[in-house]
Amino acid sequence: MTTGQRRGRRIMMTPAELDSFLAGQRTCRVATVAADGRPHASALWFAWDGTSLWLYSLTRSRRWAELEADPRVAVVVDDGEEYGELRGVELSGTVERVGEAPRTGEPCPELDVPERLFAARNFGLDAMPHDGRHAWLRLTPSAVVSWDFRKLAGA
């Protein structure tokens with residue numbers, strides 16, 4: 001994972017902080033681009049495996065159609081209410097589909113870890129329930145920008 005962050009290094013998350021933050025969050029905002037250039041942002045649950053962000057998306061959604069046509073994406077995960085509590089990360093790059101679409105549970109070793117993480121956090125289950133409507137997209141980010149305004153208190 002590369003970082004494209006030149007400014008704000010003082011509030012940038014360390015790799016360990018970034019990993020912990022992403023592993024502890026549930027919802028991200030996914031930004032895609034329509035064929036006519038209009039941006040589209042939508043909220044989505046995800047799983048973080050320490051290297052890639054795994055997006056579990058409806059296959060009959062605007063987001064899915066836009067990513068099939070143009071796999072470039074920016075994803076924001078953030079947290080905090082008050083200014084001094086704000087923290088987050090923007091991950092950008094290109095997504096790739098993993099497994100069948102829609103996902104019905106066919107064996108796919110690449111999905112063992114993200115499905116285990118996702119099922120445990122979001123459903124309290126040991127195994128992923130498959131509804132035949134969702135599928136997996138993997139974002140291994142080419143750029144990462146992070147911020148943690150809590151670090152400003154010590155400045």
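W45, F123 and L125 make up a nonpolar surface patch with about 260 Å² of accessible area together. Patch members have over 30% relative accessible area and no salt bridge, and nonpolar side chains (Val, Leu, Ile, Met, Phe, Trp, Tyr) are joined within 5 Å; areas are Shrake-Rupley values with a 1.4 Å probe, and a salt bridge is a Lys or Arg side-chain nitrogen within 4 Å of an Asp or Glu carboxyl oxygen. The model is predicted: local features need pLDDT of at least 70, side-chain atom pairs pLDDT 80 or more, while totals for chains, interfaces and linings use all residues. Residues are numbered from 1 along each chain, and side-chain values use heavy atoms, without hydrogens and water.

**Exercise 1.** Classify the accessibility of W45 and F123.

*Solution.* Buried means under 20% relative accessible area, exposed over 50%, partly exposed in between (1.4 Å probe, protein chains only). W45 has 32%, so W45 is partly exposed. F123 has 39%, so F123 is partly exposed.

**Exercise 2.** Find the geometry of the aromatic pair W45 and F123.

*Solution.* Rings of Phe, Tyr and Trp (its six-membered ring) pair with centres within 6.5 Å; planes under 30 degrees apart are stacked, over 60 edge-to-face, the rest tilted. The structure holds eight such pairs. For W45 and F123, the centres are 6.1 Å apart and the planes at 65°, an edge-to-face pair.

**Exercise 3.** Determine the contacts of N122.

*Solution.* Contact means heavy atoms within 4.5 Å. Leaving out residues up to four places away in sequence, N122 touches R26, W45 and F46. N122 is buried because its relative accessibility is 9%.

How values were computed:
Patch = residues over 30% accessible without salt bridge, like charges linked within 9 Å, V, L, I, M, F, W, Y side chains within 5 Å.
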